[in-house]
Amino acid sequence: MYFLKYLLFFTSVILASSESDESVQECARYSPKEIQETFFTPVLEQRIKLVRTVVKEIYTNLEEMKGKVPNLNENLQKLSDEPMAEFPSDPIDLIEQELDMILRSHDRNWNRIWDTMGDILEPSRCPRAPKTLSDLKDNIGELTSTYRTSLDHLESSLKESLAEVSSIMKPLILVMDNILKAAGQLPKLVDNLQGQIMLELIKVKQDRKEPENPDIFGELISMSEALMNEFISTGRRLSLEDFWKSQISRIKKPELIDETTDAWKQEKVGLGVYLLNSIMDLKNAKSPDMVEIMKKFQT
């Protein structure tokens with residue numbers, strides 16, 4: 001009998017402990033970390049992968065072109081009236097450094113949100129400078145400005161890193177545009193990314209329409225703005241755990257692109273076209289005089 005009572009008591013203690021642990025784990029689960037890793041980080045990582053892939057493929061194609069065409073830069077200079085410029089010695093490394101800074105800024109902002117929440121829930125962690133919901137609101141609000149600033153810096157670095165590609169492709173596009181006006185239609189099939197981008201840029205020149213802005217961090221900015229609005233609306237009415245729990249169902253999770261599909265290829269082409277046209281300004285670019293170009297190649 002004593003053993004039976006002991007067994008029942010022991011079992012009740014285990015069950016009580018399990019329920020308590022589960023409750024703690026559930027509270028810990030619904031936190032800024034889960035929102036970050038469920039919604040924000042996967043989107044950011046795929047956008048970074050898109051940028052990295054586009055830049056690397058463009059430069060791989062460029063090096064292949066240089067290997068096949070002797071004195072490519074010198075010959076293309078005859079097609080352009082623009083002076084030769086200096087380019088970054090390692091354009092891919094330039095982008096890698098920028099992408100690394102973006103990831104670190106992303107993690108730093110979310111860690112700040114997590115730390116501020118911890119300080120609010122446990123004031124003893126920071127007794128001399130207690131944190132409030134206003135501090136947390138400021139931290140959440142910084143997400144949007146961080147993503148916008150990261151986008152501005154990234155686009156600036158991309159323009160710098162793709163300057164050499166632009167200097168080679170722009171005169172080719174302008175000459176091909178003239179030739180195709182007389183010859184007729186564009187070729188339909190091109191194997192590599194650079195060729196696909198070039199065809200789309202010729203269309204931009206012919207149609208005189210700006211390509212669509214791919215808005216690289218648009219989803220991150222929209223989600224962070226929505227999160228800020230939610231905190232303003234409910235952050236002071238709900239407990240912090242309940243607030244983060246509510247966001248699991250309220251944030252619209254963007255669908256990641258399947259990187260084995262044509263949609264991923266189209267994303268790469270669209271980003272390359274937008275970036276290179278932002279450097280070339282094809283809509284306003286002056287077409288070359290074909291007679292003058294032919295004279296240059298005869299001398």
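Guide: From the N terminus on, the elements of the protein chain run α-α-α-α-α-α-α-α-α-α-α, which makes eleven helices and zero strands. Helices (H or I, at least four residues) and strands (E, at least two) are DSSP runs, numbered from the N terminus. The model is predicted: local features need pLDDT of at least 70 and side-chain atom pairs count only at pLDDT 80 or more, while totals for chains, interfaces and linings use all residues. Residues are numbered from 1 along each chain as its sequence is written, and side-chain values use heavy atoms, with hydrogens and water left out.

Now the pocket. On a 1 Å grid over the protein atoms alone, a pocket is an open set of points where a 1.4 Å probe fits, with protein on both sides within 12 Å along at least five of seven lines; lining residues have an atom within 4 Å of a point. The second largest pocket has a volume of about 460 Å³, the volume being the space filled by probe spheres set on the points, which are joined across faces, edges and corners.

Its lining consists of 19 residues, and E200, Q266, V269, G270 and V273 lie nearest the centre. Three helices, α2 (32-68), α7 (193-207) and α10 (262-280), each supply at least two lining residues. The most come from α10, with seven residues.

By class, the lining has seven nonpolar, four polar and eight charged residues. Here Ala, Val, Leu, Ile, Met, Phe, Trp, Tyr, Cys and Pro count as nonpolar, Asp, Glu, Lys and Arg as charged, and the others, Gly among them, as polar.
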